[in-house]
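Welcome! Here is a friendly tour of one structure, taken a few side chains at a time. Have a look at it first, and then read on.

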Amino acid sequence: MKKLLIPIIVIIVIAGILYSVFAGSYNTAITLQEDAKTAWSNVESAYQRRSDLIGNLVKTVQGAADFERTTLKEVIEARSKATSVNIDPSNITPAQMAQFQQAQSGLSSALSRLLVTVERYPDLKANQNFLNLQTQLEGTENRINVERNRYNTAVGEFNKFIKKFPNNIVLGLFGSFNEMTRFEAEEGTEKAPDVDFNF
């Protein structure tokens with residue numbers, strides 16, 4: 001009886017160790033992946049807030065009867081394009097991320113042109129509603145940057161975890177944990193922009 005008991009205990013101990021390694025790796029990977037998805041939702045939420053503020057800004061600017069319609073049209077079209085790009089956070093590819101960033105960058109450029117054009121309209125620049133919206137937009141841009149950094153941190157934690165040994169082997173058996181895509185700086189942003197205050 002004792003001879004049979006020792007192999008059973010060894011098998012139970014090995015099974016327990018394997019279970020804790022597999023379950024621990026899997027559960028931690030799930031937690032980190034969900035944290036990264038939540039961080040992505042916060043990024044989208046910050047961009048949505050910007051989009052909502054831009055809509056209000058456009059309505060305020062439209063009140064200026066002689067304001068350039070072309071500039072407004074560019075902002076409206078860029079906003080529409082930016083809000084039409086949707087990404088599934090569980091499967092963000094580099095191509096999708098590039099498309100998302102390109103659409104958001106287009107909106108930022110159109111908004112910048114709008115704000116520069118406003119400089120020629122002293123009544124609009126003095127409009128309290130416009131000034132409030134402009135201040136909120138500046139704060140939202142900062143919020144977007146913070147949320148993108150938090151997303152990149154969460155993705156980095158997940159990516160490191162799934163690549164470490166023995167996690168890479170254990171999680172490779174499940175086949176459902178792929179490296180997630182980070183936000184990357186757009187090409188040319190490493191150079192300081194030229195600023196011209198002569199309007």
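Is E74 buried, partly exposed or exposed? At 31% relative accessibility, E74 counts as partly exposed; here buried means under 20% relative accessible area, exposed means over 50%, and partly exposed lies in between (1.4 Å probe, protein chains only).

## How to read this model

This is a predicted model, in which local features need pLDDT of at least 70 and side-chain atom pairs count only at pLDDT 80 or more, while totals for chains, interfaces and linings use all residues. Residues are numbered from 1 along each chain as its sequence is written, and side-chain values use heavy atoms, with hydrogens and water left out.

## Salt bridges

How many salt bridges does a search of the whole structure find? The search finds seven, where a salt bridge is a side-chain nitrogen of Lys or Arg within 4 Å of a carboxyl oxygen of Asp or Glu. One of them brings us back to E74: R113 forms a salt bridge with E74, and the closest N and O atoms are 3.1 Å apart. R113 belongs to helix α3 (residues 94–118) and E74 to helix α2, so this pair ties together parts that lie 39 residues apart in sequence. Helices are DSSP runs (H or I, at least four residues), numbered from the N terminus. Like E74, R113 is partly exposed, at 40% relative accessibility.

Two other bridges stay inside a helix. In helix α2 (residues 69–84), E77 and K73 are four residues apart, which means about one helical turn separates them; their side chains meet in a salt bridge at 3.9 Å, N to O. E77 is partly exposed, with a relative accessible area of 46%, whereas K73 is exposed, with 51%. In helix α5, E157 and K160 are three residues apart, again about one helical turn, and their closest N and O atoms are 3.3 Å apart in a salt bridge. E157 is partly exposed at 39%, and K160 is partly exposed at 46%.

## Aromatic pairs

The whole structure holds eight aromatic pairs. Rings of Phe, Tyr and Trp (its six-membered ring) pair if their centres lie within 6.5 Å; planes under 30 degrees apart count as stacked, over 60 as edge-to-face and the rest as tilted. Y26 and F177 have ring centres 5.4 Å apart and planes at 75 degrees, so they are edge-to-face. Y26 lies in helix α1 (residues 2–62) and F177 in the segment after α6 (167–174), so the pair ties together parts 151 residues apart in sequence. Y26 is partly exposed at 29% relative accessibility, while F177 is buried at 10%.

Y151 and F183 form another edge-to-face pair, with 5.9 Å from centre to centre and 85 degrees between the planes. Y151 is buried at 0%, and F183 is buried at 8%. Ring pairs also join Y151 and F183 with W40, Y47 and F100 into a cluster. The charged end of R148 sits over the ring of F183, 5.7 Å from its centre (NZ of Lys or CZ of Arg within 6 Å of the ring centre and within 35 degrees of the ring normal).

N159 sits in helix α5 (residues 128–163) and counts as buried, at 2% relative accessibility.
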